[in-house]
Amino acid sequence: MADKDIDQVTGTDTTGHEWDGIKELNNPLPRWWLWTFYGTVVWGLAYTVAFPAWPLVNSATAGLLGYSTRAEVAEQIAAVDAQNAEVAQRLATADLATLAPDDPAHRYGVAGGASVFAAHCSQCHGSGAAGAKGYPNLLDDDWLWGGDLEAIAYTVRHGIRNEVDPDARWSEMPAFGEILEDGEIAATVEYVRQLSGQDHDAGLAGQGAVLFEEQCSACHGEAGEGIRDLGAPRLSDAIWLYGGDRETLTQTITYSRFGVMPPWGARLDEDEIKAVTLYLHQLGGGE
Amino acid sequence: MPQDAAPPPLYAPRAPIFPRRVKGTFRTLKWWIMGVTLAIYYLTPWIRWDRGPNLPDQAVLIDMAGRRFYFFWIEIWPHEFYFVAGLLIMAGLGLFLFTSALGRVWCGYACPQTVWTDLFILVERWIEGDRNARVRLWNAGWSVRKLRLRVTKWVVWFVIAMATGGAWVFYFADAPTLARDLVTFQAPLVAYSTILVLTATTFVFGGFMREQVCNYMCPWPRIQAAMMDESTLTVAYRHWRGEPRGKHMKAEDADQRGDCIDCMACVNVCPAGIDIRDGQQMECITCALCIDACDEVMARIGKPRGLIDYLALSDEAAEAQGVQPRPIWQHVLRPRTVLYTAMWSLIGVALVYALFIRSDIDMTVEPVRNPQFVTLSDGSVRNTYTLRIRNLTAEDREFRVMLTSDEILRIDVETEGRVPNHVAVPANETLQARVYVIARPQDAAAAQATTDLRLWVEDVETDDRAGVATIFNGKG
């Protein structure tokens with residue numbers, strides 16, 4: 001380069017490119033930078049050969065290393081399962097009633113049960129297990145069919161009032177609209193409100209007491225204390241599955257209620273039933 | 001340039017630099033800084049600090065798995081990450097302060113790239129000789145001697161590089177245990193790969209890339225250049241005093257010449273390969289070795305020192321007119337540097353204050369909002385809270401959980417078979433407990449929408465306590 005074109009101001013060589021009298025200075029990049037750039041190109045190409053990359057019609061190239069994100073996830077799941085194998089085995093064989101709350105197997109069960117609940121139960125019982133009208137609240141201390149571990153596990157396994165599982169919990173309240181007069185139903189409503197300590201018409205309630213004795217006490221008990229073997233709710237407490245106001249009570253007595261729960265024994269395996277039982281039992285109302 | 005000429009090359013190879021050995025004030029200072037910083041880096045992980053039986057005894061440890069940072073008597077938990085943020089802000093402000101006062105003093109003295117490059121050049125000089133010998137060796141063809149010298153140098157560099165990479169991993173695990181595992185090939189893969197990467201970068205950056213790292217890879221030179229001003233002290237050449245330069249002091253016009261005898265000492269010692277007499281340059285890391293080199297020469301020819309010196313740009317013009325330059329303290333003590341110092345100190349004081357008022361019980365209360373409350377059979381209203389207690393000490397502790405409120409409320413803690421409402425938190429762990437707060441149906445809290453309350457935890461033995469305000473949701 002005999003005829004270098006040096007810029008007067010900076011003393012820097014120029015590239016010879018000129019626009020409107022402005023010349024482009026040539027501050028050359030380091031050569032290693034160029035080689036690094038070529039290196040990244042080679043790396044990039046090699047990467048697309050080694051790993052899944054090029055899109056084809058129905059899939060993409062698999063890559064020479066046979067890597068797949070699905071396989072990696074499966075591997076991670078298997079690794080976690082292997083890590084938990086001992087505690088899972090312990091939960092599978094343990095008697096739930098004797099499992100201490102600070103036992104790792106108990107904690108493992110509660111955590112797993114929370115996932116089972118979120119996936120299968122929360123649609124009806126709510127993500128916080130607080131239930132809704134017609135769907136029991138699982139946080140309180142009131143249980144229709146029993147709140148100890150065994151009773152909860154049975155309910156989960158067989159469900160309630162379903163035609164699928166012959167062992168499902170079953171009971172049915174008659175629709176008293178076909179048996180009692182409207183006035184009699186109204187009197188019964190007043191008596192039920194008296195039982196649960198709500199405001200009521202004392203005269204009507206006295207009338208209702210006789211009707212309750214005849215019609216209701218067989219299932220709900222003499223004092224409305226409920227009978228769990230029949231799934232007959234306790235009427236003398238503050239908890240109502242459908243509601244304790246006059247309108248709802250009238251509706252319940254007239255037309256009856258028929259809450260259904262599917263048998264989860266068909267869908268969940270034994271370990272999952274155990275886990276969700278532990279989870280439900282420790283929510284705040286377990287017996 | 002004619003259009004048909006071959007275009008000039010757009011890429012240039014690195015021009016080799018052979019810094020000559022130099023003695024002087026700044027070189028001595030740099031040896032000391034190198035020794036101290038390298039000693040801190042290599043030795044810190046080996047310092048022991050007794051914290052009791054349940055905690056690691058390494059003075060400085062970043063425990064990723066346990067999510068703890070130990071620094072002598074200080075232990076930082078993840079929720080106290082603001083300490084790290086504060087330290088980073090202080091580091092940033094400190095850099096601003098030093099840059100506005102003393103230019104690229106970080107680059108010249110304390111940057112790891114500078115320190116390790118300096119160390120590598122030292123090794124190079126021991127093995128291959130000083131500048132002239134190295135230039136000769138560079139120009140010579142390959143021979144047994146050249147190969148022997150090169151290989152020796154590379155091996156020593158590699159050992160230093162490996163020690164550097166190796167020291168890094170000791171900050172993240174118990175150093176003696178990890179050292180044993182590393183030697184017996186039982187250490188985790190991440191330890192080996194980290195050592196490998198840091199060994200490679202140290203070897204290449206310190207041995208071969210050197211000033212290329214500063215010029216092309218590091219963003220700091222550009223940022224720092226923007227933070228300097230005309231009052232900043234930086235390494236510069238007294239142009240008015242040195243020019244016109246000339247080699248022969250006995251030539252006829254010698255008395256009309258400046259002090260610079262064009263001996264190239266400043267250029268020969270420069271690790272960045274520049275000529276400081278050309279003025280301020282992006283490549284200059286202000287390592288001040290040219291000051292030492294020039295002072296040596298000035299002493300020899302009987303001229304006052306400081307032809308190359310720490311100067312502010314504003315002084316250059318004043319000195320040329322024969323006016324006394326401003327004293328150094330006026331350059332350092334400016335509103336800008338005072339402001340940086342004030343901000344730096346303020347954050348520092350705030351961090352130290354935060355460190356001292358830090359309780360060794362830390363609790364959080366998370367009310368369960370799904371559902372907000374549960375009605376019980378007897379008509380009581382129950383709220384649920386997730387209580388977390390962090391025991392920041394090395395002893396197991398037992399706490400009493402209590403509540404205070406203007407309304408009547410009852411507390412019930414899931415205690416798993418211990419004394420009612422007592423919870424035990426193991427040393428250096430976080431306990432999570434479910435707390436129920438219950439209002440009877442006849443009490444006001446059951447009926448009104450919200451009731452204020454405060455949950456307390458109290459150490460059973462020391463009566464130390466911590467409290468958190470929260471609310472109780474009623475039916476209202």
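Here is a short walk through this structure, from its confidence scores to its domains and the meeting of its chains.

Let's start with how the model was made: it is predicted. For the complex, the predictor reports an ipTM of 0.82 and a pTM of 0.77. Within it, chain B has an average pLDDT of 90, and 96% of its residues score at least 70.

Now turn to chain B itself. You can follow it as domain 1 (25-226), domain 2 (228-333) and domain 3 (361-473). Taken over C-alpha atoms, the centres of domain 1 and domain 2 of chain B are 32 Å apart. Where these two domains of chain B touch, 23 residues of domain 1 are in contact with 19 residues of domain 2. On the domain 1 side, several helices of chain B each supply at least two residues, among them helix H1 (25-43), helix H2 (82-102) and helix H4 (112-128). That side of domain 1 is made up of nine nonpolar, nine polar and five charged residues.

Next, look at where the chains meet: 22 residues of chain B are in contact with 28 residues of chain A. Strand S1 (14-19), strand S3 (29-30) and helix H1 (31-50) of chain A each give two or more residues to chain A's side, and H1(A) gives the most, with four. By kind, the residues on chain A's side are 12 nonpolar, seven polar and nine charged.

S3(A) pairs with strand S1 (residues 11-12) of chain B in the parallel sense, over two bridges. To find the spot, look for A:Leu29, which stands opposite B:Tyr11 in S1(B).

How values were computed: Residues are numbered from 1 along each chain as its sequence is written. Chains are lettered from A and ligands numbered from 1 in the order in which they are written. This is a predicted model: local features need pLDDT of at least 70, side-chain atom pairs count only at pLDDT 80 or more; totals for chains, interfaces and linings use all residues. Domain bounds come from an automatic or database domain assignment. Two residues are in contact if their C-beta atoms, placed from the backbone, lie within 7 Å. Ala, Val, Leu, Ile, Met, Phe, Trp, Tyr, Cys and Pro count as nonpolar, Asp, Glu, Lys and Arg as charged, and the others, Gly among them, as polar. pLDDT is the predictor's confidence in each residue, from 0 to 100. Two strands pair if DSSP finds at least two bridges between them.
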